[in-house]
There are 2 protein chains.
Amino acid sequence: MANKQPLILITNDDGITAPGILHLIAIAKTISNQIYVVAPDKPQSGMGHAITINAMLRIQPFQMDGVTAFSCTGTPVDCVKLAISKVVPRTPDLILSGVNHGSNSSINVIYSGTMSAAVEGAIEGVPSIGFSLCDHSIDAYFAPTGPYIKQIIEFALKNKMEKHTCWNVNFPSISSELIKGIRICRQARAVWEEEFQERQDPSGKPYYWLTGKFVNHEPDREDTDEWALSQGYISLVPVQYDVTAYHVIDQIKGLENEK
Amino acid sequence: MANKQPLILITNDDGITAPGILHLIAIAKTISNQIYVVAPDKPQSGMGHAITINAMLRIQPFQMDGVTAFSCTGTPVDCVKLAISKVVPRTPDLILSGVNHGSNSSINVIYSGTMSAAVEGAIEGVPSIGFSLCDHSIDAYFAPTGPYIKQIIEFALKNKMEKHTCWNVNFPSISSELIKGIRICRQARAVWEEEFQERQDPSGKPYYWLTGKFVNHEPDREDTDEWALSQGYISLVPVQYDVTAYHVIDQIKGLENEK
């Protein structure tokens with residue numbers, strides 16, 4: 001019986017002790033008894049698709065009821081790579097990442113360790129989903145997301161996900177009765193406008209903290225994830241990793257100069 | 001006169017002392033006297049689009065003839081953000097990243113700090129180009145790339161680059177007379193198949209080194225960067241950062257369940 005259950009690998013970027021991943025693990029346990037967790041041993045937010053090339057990695061067993069869990073010294077992408085290579089007994093049926101404390105909609109998908117773990121799954125040909133709640137706080141209220149996360153996981157397991165793609169799911173931080181449902185969206189065009197804070201250390205030397213203002217360049221476009229979230233929908237953006245700007249290729253053919 | 005010259009910001013991921021960036025700076029100086037360098041103070045290969053959220057950043061003046069240069073404690077993307085926000089007197093006309101010691105073709109664009117710096121430029125609306133030489137060694141031979149880098153920079157300055165895109169330029173590691181010219185390409189579908197090396201520390205505890213085998217899934221496709229490089233061409237892939245999998249949106253509309 002056991003081998004008929006889907007093998008699900010879970011990671012995140014907030015670290016293995018974050019409430020968001022514990023919430024996701026609890027939901028996954030209601031779907032399968034083949035749950036493996038390999039997640040960072042410390043916060044790794046904003047790590048993007050970083051991998052560890054110039055240092056070694058360690059994993060350490062982590063006590064967690066009913067699942068096989070390890071903390072890992074690396075980035076979220078390292079966790080996926082090391083888990084697939086050294087931890088799970090076979091290729092996972094599904095990789096789940098999150099639930100992130102904070103939004104990974106629109107341009108945030110590029111900076112996000114949570115989503116990069118899911119993208120790494122897609123690169124390796126494993127169906128993968130990243131979940132995020134638009135609330136950065138450590139005590140963000142995850143309960144309303146539960147039934148939808150379960151529904152999305154079951155849909156992904158039943159209907160084969162397109163190979164080499166993953167899903168970027170973001171939840172508005174509102175109560176259950178206000179959530180209008182799920183919208184399939186595209187990534188909104190947006191940018192973080194930097195506003196570094198400059199401070200001085202006790203010896204008078206300057207240092208900088210990255211802060212910024214989020215600017216949505218197309219707030220009225222109803223097919224975007226940002227619009228969906230602003231209206232009380234859960235946004236789901238299917239994601240791929242061919243970043244070729246196909247529309248530019250013909251424009252710059254003049255640069256080709258065969259000898 | 002001076003303000004008619006293009007303002008060029010230069011960074012990399014191998015660190016401010018790497019031969020590759022010194023090569024790029026030397027070329028840029030033949031094009032403009034408005035050169036600014038903000039580059040990592042240590043190697044940052046494989047950092048992808050990582051940004052520093054949970055730590056502060058510092059920059060330090062770095063002695064370099066004829067250019068204003070700073071080393072930075074952050075990632076390549078941090079360097080671009082901090083440079084634009086705090087270092088350059090106006091928005092750069094062009095951001096250059098590299099020349100990387102090692103390939104950033106095909107899937108490597110996702111892991112690359114060099115290319116993520118260029119992508120960050122694109123996100124912020126600044127024309128950006130990442131250059132890489134397919135030779136990882138510290139004493140890689142950059143000379144053959146010089147005339148082509150200059151040609152590409154001058155083309156980019158003369159012909160307006162498409163907004164919110166950047167270019168990923170890779171050079172085969174061959175001598176000048178063997179280089180066949182420049183090809184405008186798309187990103188090849190490829191993957192790194194992990195082969196972690198497991199070792200034991202003196203106390204017997206295991207640790208892991210990431211290694212891997214590069215597998216090109218479409219070696220015969222002549223429109224790809226990998227093919228161009230294999231044939232002795234310089235590959236140029238225009239890059240954008242909307243990772244929506246548009247072809248999947250209609251497939252999964254069934255998940256929308258409005259209340």
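**Entry 1. Strand E5 of chain B**

I began with pairing in chain B: strand E1 (residues 7–11) runs parallel to E5(B), and four bridges join them. I take two strands as paired if DSSP finds at least two bridges between them. Helices (H or I, at least four residues) and strands (E, at least two) are DSSP runs, numbered from the N terminus. The model is predicted: local features need pLDDT of at least 70, side-chain atom pairs count only at pLDDT 80 or more, and totals for chains, interfaces and linings use all residues. Residues are numbered from 1 along each chain as its sequence is written, with chains lettered from A and ligands numbered from 1 in the order in which they are written.

I looked up the residue opposite B:Thr11 and found B:Ser97 in E5(B). E5(B) also runs parallel to strand E6 (residues 128–133) of chain B, through five bridges. There B:His101 stands opposite B:Leu133.

Is E5(B) buried or exposed? Eight of the eight residues of E5(B) (residues 94–101) are buried, so the strand is largely enclosed by the rest of the structure. My cut-offs: buried means 20 or more other C-beta atoms within 10 Å of the residue's own, exposed means 12 or fewer, and partly exposed is in between, with C-beta atoms placed from the backbone.

**Entry 2. The sheet of chain A**

I traced the sheet in chain A. It is open, with nine strands in the order E3-E4-E2-E1-E5-E6-E7-E13-E8 and mixed pairing. Strands E3 (59–61) and E8 (181–184) of chain A stand at the edges with a single partner strand each, so one side of each has no neighbour in the sheet. From one strand to the next, the twist averages 20°.

I checked E5(A) (residues 94–101) and E6(A) (residues 128–133): they pair in the parallel sense over five bridges. A:His101 has A:Leu133 as its bridge partner in E6(A).

Next, the helices. H1(A) (residues 19–29) lies across E1 (7–11), E2 (34–40), E5 and E6 of chain A, at about 140° to E5(A). H4(A) (residues 113–123) touches E1, E5, E6, E7 (166–171) and E13 (233–239) of chain A, and its direction makes about 170° with that of E6(A). Axes are lines fitted to C-alpha atoms, for helices over the stretch in contact, and angles run from 0 to 180 degrees between N-to-C directions.

**Entry 3. How the chains meet**

I laid chain B on chain A: RMSD 0.0 Å, by a turn of 180° and a shift of 0.0 Å along the axis. The two copies are thus related as by a two-fold rotation axis. The superposition is by least squares on C-alpha atoms of residues with pLDDT of at least 70 in both.

How many residues does each chain bring to the contact? Chain B gives 65 residues and chain A gives 65 residues. Helix H2 (residues 76–87) of chain B supplies the largest share of its side, five residues. I call residues in contact if their C-beta atoms, placed from the backbone, lie within 7 Å. Since 100% of the interface residues of chain B are also interface residues in chain A, the copies meet through the same surface.

H2(B) is mostly covered, with nine of its twelve residues buried. Among them are B:Pro76, B:Asp78 and B:Lys81.

**Entry 4. A:Pro144**

I found A:Pro144 in the loop between E6 and helix H5 (146–158) of chain A. It counts as partly exposed, with 18 C-beta neighbours inside 10 Å. Leaving aside neighbours within four places in sequence, A:Pro144 contacts A:Ser175, A:Ser176 and A:Ile179.

How values were computed. Contact = placed C-beta atoms within 7 Å.
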